[in-house]
Amino acid sequence: MRRFRFLLRPGWLALAAVVAMFAYFCFSVLAPWQLGKNTATTQRNALIDQSVNAEPVDISEVLGSTGFSSDDEWRRVLATGSYLQDKEALVRLRSIREQPAYEVITPFQLQDGSIVLVNRGYVLPVQGTQPPPIDPPPTGELTLEARLRQAEGTSREPIEEAGRLQVYNINPEQIGTAVGVDAVDAYLQLDDAQPGGLGLIELPQTESGPYLSYGLQWLAFGIMAPLGLAYFARAEWRERRKSKQQDILDTASSSVDSVDPLAETPSASRQDEEPEFTLPTRRERRSKSKAKTESTNRSANDVRLADRYGKNS
């Protein structure tokens, strides 16, 4: 294990801690978040598909004083009662077909005396963010066909603007407190062509969305991060091993170069020595002069014989 001791250095320890935290969040927070949204979207789509062809039921069959079961959301119901016209509120910062809009919430008192909020639909602002004049709901006893919806959470406190109570979420407890009624923990979203209805809020598209792929991507990232750390650690170890081997080779080469070369043999030394120059003796000079004269005479005699007998060299 000594070869991996470099992993105990502060830089590697910090990198390992970051990778571990990232993988932990991928598996425990990010992936469950996206997969949970995919599950919720799938359940919502199934409930909407079931409600499209189902016949509406009386609201008393599914709605109690404490609300209704989550399996009954989007269910079509029939509610008989009357609007409380002076208890209206606007939901701001809504978007309808990519346009800013207000949704109009009016309490509706059922025959048994309980009060449920009704989302009558939307209106578009005029002159910037100014809400337009809103038609009041009809008076008297009415029967509404609507869909059950679960209450939204709260983000901000209600405000008073342009002479109207405005809220940011459809929360029956918050709106009921603001307008002075005790509403049940649910609200109704009107279907088309209903008494008191305004702009129709269409059903959401029944598409799964990208949540499943996002969740799988976070799981993949959580797996890839430790694998990437292992890859870089192995690459660092291989580089260190190569560097160590190269240092050993360089040391061995330096040791060989420092040894004195073998001394040359006497015979080889004598062969490499140049011969000593000496002046020729008188006898040697005389012999060379005689040989040169004889060679010259022979050459002249050969020329005469060639001319005489017609032989040219």
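**Salt bridges and their surroundings**

Modeller: Arg164 is partly exposed, at 25% relative accessibility; residues under 20% are called buried, those over 50% exposed and those in between partly exposed, with a 1.4 Å probe and protein chains only. The model is a predicted one, in which local features need pLDDT of at least 70 and side-chain atom pairs count only at pLDDT 80 or more, while totals for chains, interfaces and linings use all residues. Residues are numbered from 1 along each chain as its sequence is written, and side-chain values rest on heavy atoms, without hydrogens and water.

Arg164 pairs with Glu88 in a salt bridge, their closest N and O atoms being 3.6 Å apart; the term denotes a side-chain nitrogen of Lys or Arg within 4 Å of a carboxyl oxygen of Asp or Glu. Because Arg164 belongs to strand β8 and Glu88 to the loop between β2 and β3, this pair ties together parts that are 76 residues apart in sequence. Glu88 is buried, with a relative accessible area of 17%. Through salt bridges that share partners, Glu88, Arg120 and Arg164 are joined into one network. Nine salt bridges are found in the whole structure.

Arg75 and Asp72 meet through their side chains in a salt bridge of 3.3 Å, N to O. Arg75 is partly exposed, with a relative accessible area of 34%, whereas Asp72 is buried at 15%. Glu73 forms a salt bridge with Arg149, and their closest N and O atoms are 3.4 Å apart. Since Glu73 lies in the loop between β1 and β2 and Arg149 in strand β6, this pair ties together parts that are 76 residues apart in sequence. Both Glu73 and Arg149 are buried.

What is the backbone like at Trp74? Its phi is near 75°, a positive value in a residue other than glycine. Most residues other than glycine have a negative phi, and most peptide bonds are trans. Trp74 lies in the loop between β1 (57–58) and β2 (76–83), and it is buried, with a relative accessible area of 4%.

Apart from its neighbours within four places in sequence, Leu148 is in contact (heavy atoms within 4.5 Å) with residues including Asp72, Glu73, Trp74 and Arg75. Val62, Phe68, Val77, Tyr187 and Leu188 are also among the contacts of Leu148. The C-alpha atoms of Leu148 and Gly67 are separated by 9.9 Å, although the two residues are 81 positions apart along the chain.

Helix α2 touches several of the strands. Its span is residues 172–179, and its buried residues are Pro172, Gln174, Ile175, Gly176 and Val179. These buried residues pack against β3, β4, β5 (115–123), β8 (164–167) and β9 (183–190). Gly180 follows α2 and has a positive phi, near 85°. Another positive phi is that of Arg97, near 50°, in a residue other than glycine. Arg97 lies in the loop between β3 (89–96) and β4 (99–110) and is exposed, with a relative accessible area of 57%.

Elsewhere, Asn38 in helix α1 (residues 10–53) is buried, with a relative accessible area of 13%. Beyond its neighbours within four places in sequence, Asn38 is in contact with Ser208, Tyr211 and Leu212.

As a setting for these details, the protein has five helices and nine strands. Of its 313 residues, 30% count as buried. Among contacts with a separation of 6 or more, 68% are between residues 24 or more positions apart.

Technical notes:
Helices (H or I, at least four residues) and strands (E, at least two) are DSSP runs, numbered from the N terminus.
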